[in-house]
Structure formats: C-alpha cells, structure tokens
Amino acid sequence: KRVTFPEGFSNKEIATRLDTTFETFDSELFLSLAKGYEGYLFPDTYGFFPSTTPDVIVAALKKNFETKTSTLQKDFAASKRSKADIIIMASIIEKEAAGENDRALVSGILWNRIDAGIPLQVDAPFIYLLGKESKELTRKDLAFDSPYNTYVHKGLPPTPINNPGLAAISAALHPEASPYFYYLHD
C-alpha cells in the first residue's frame, strides 16, 4: 500500500497515519522505535506491504532522510549552525511559514532573534507540546514551563517538533537576510 506523510507531520501523526492504513500496525512500537528521530523521518510517499513491521518503516524513513538531504551535506558543513539546530529550525519553519515564498524570510527573522538572544516566541511548538493551534492558545498556555515553550525559554526547543521537508531544511540553511525581528501573516 502507498502511504503519504506530508511535510510537518510529527512522529505521532505518522504513527496515526500508519495505524489507519494498516489494520494490524503497532503504532506504540513505532513510536518507541522512532523516539529520538523526530525531524529525521523524511516526509514522502512510501510503498509498504501491510505486514511491514515498525522497525522496517522507521529504517526506511531515516534512510530516505539521509538520501534526500545528501545534496545539502556541503551546506550543513559550511553553516555556522549545527545540523541538529538546522533541523529544529526547519521543523519550526515548516509550521510557521505561511507559504513556500515565506520560508527563507521567516528563517532569517527567526535566526535574527536567536542571534540577538531574543526569545523566538513562536506558536508552532504548542502544536507539538499541547496539540493546540495559535488561535486556541491561552495566556496560561504561553506561560507553560516547558523547554519547548519559546515564549518562556530563549533559543531553540531541545528537539525538532515535526519532520520537515527539503524546502524548510533548505530555508533553515539559507535564510533570507533582513533587518526584521518579527513577521505577521494570517
């Protein structure tokens, strides 16, 4: 069966998609095996037999990440940022950018905030953390003490918040320079 994981799907969303696609899929085992690989399971369309085990699927998604990002290895090496930080930022960009044309500009603005020591104050981690979209957030949510809360803590969250696609990774690697520290979109 073919199964598609869109850019920005979290490991949990991948597990849910697999669970609804394959009758006997063990999503708990998948999540256990995928722990620590959030951000590194490449979003794409895959073909799996219904009997494919979670370990084989995790390995396929990880291998595809390495294959798809292999063209960016020189860019990762040339960046002043670590590969881990780039993937974390790409996962944020995946949810924060309003469209394809905004990714590089949003990336530049967020890196400006990081470099200036300003909290990112982005809502995207709350989808990962609390399952809430921006319009659902309360003041209490924004004060919630978690390392993923970019209103409370400066810098990047400790891990990616989803599995970004190549365009978001490229934007994190190649931010658009601007003097801006804020952006607004609906």
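As for the labels, helices (H or I, at least four residues) and strands (E, at least two) are DSSP runs numbered from the N terminus.

A word on what you're looking at: this is a predicted model, where local features need pLDDT of at least 70 and side-chain atom pairs count only at pLDDT 80 or more, while totals for chains, interfaces and linings use all residues. Residues are numbered from 1 along each chain as its sequence is written, and side-chain values use heavy atoms, with hydrogens and water left out.

Now for the rings. The structure holds six aromatic pairs, meaning rings of Phe, Tyr and Trp (its six-membered ring) whose centres lie within 6.5 Å, with planes under 30 degrees apart called stacked, over 60 edge-to-face and the rest tilted. One of them joins Y40 and F65 edge-to-face, at 5.1 Å centre to centre and 70 degrees between the planes. Y40 lies in the loop between α2 (27-34) and β2 (45-47) and F65 in helix α3 (residues 54-69), so this pair ties together parts that are 25 residues apart in sequence. F65 counts as buried because its relative accessibility is 1%. Y46 and F48 make a stacked pair, because their ring centres are 5.6 Å apart and their planes are at 10 degrees.

The charged end of K83 sits over the ring of F76, 5.1 Å from the ring centre; to count, NZ of Lys or CZ of Arg must be within 6 Å of the ring centre and within 35 degrees of the ring normal.

The largest pocket holds about 460 Å³ of space. Here a pocket is an open set of points on a 1 Å grid over the protein atoms alone, where a 1.4 Å probe fits, with protein on both sides within 12 Å along at least five of seven lines; lining residues have an atom within 4 Å of a point. Of the 25 residues lining the largest pocket, S10, N11, E38, Y128 and I161 are the closest to its centre. Two or more lining residues come from each of α1 (11-21), α2, α5 (83-96) and α7.

The second largest pocket has a volume of about 360 Å³. Its lining has 16 residues, with E96, D123, S134, Y183 and H185 nearest the centre, and α5 and α7 each give two or more of the lining residues.

You'll find S134 in the loop between α7 (124-130) and α8 (139-142), and it is partly exposed because its relative accessible area is 42%. S134 and V122 are twelve residues apart in sequence and 9.1 Å apart in space, C-alpha to C-alpha.

Finally, there's Q121, in the loop between α6 (103-116) and α7. Q121 has a positive phi of about 50 degrees although it is not a glycine. With a relative accessibility of 36%, Q121 counts as partly exposed.

Technical notes:
Buried < 20%, exposed > 50% of the residue type's maximum accessible area, 1.4 Å probe, protein only. Points joined across faces, edges and corners; volume = space filled by probe spheres on them.
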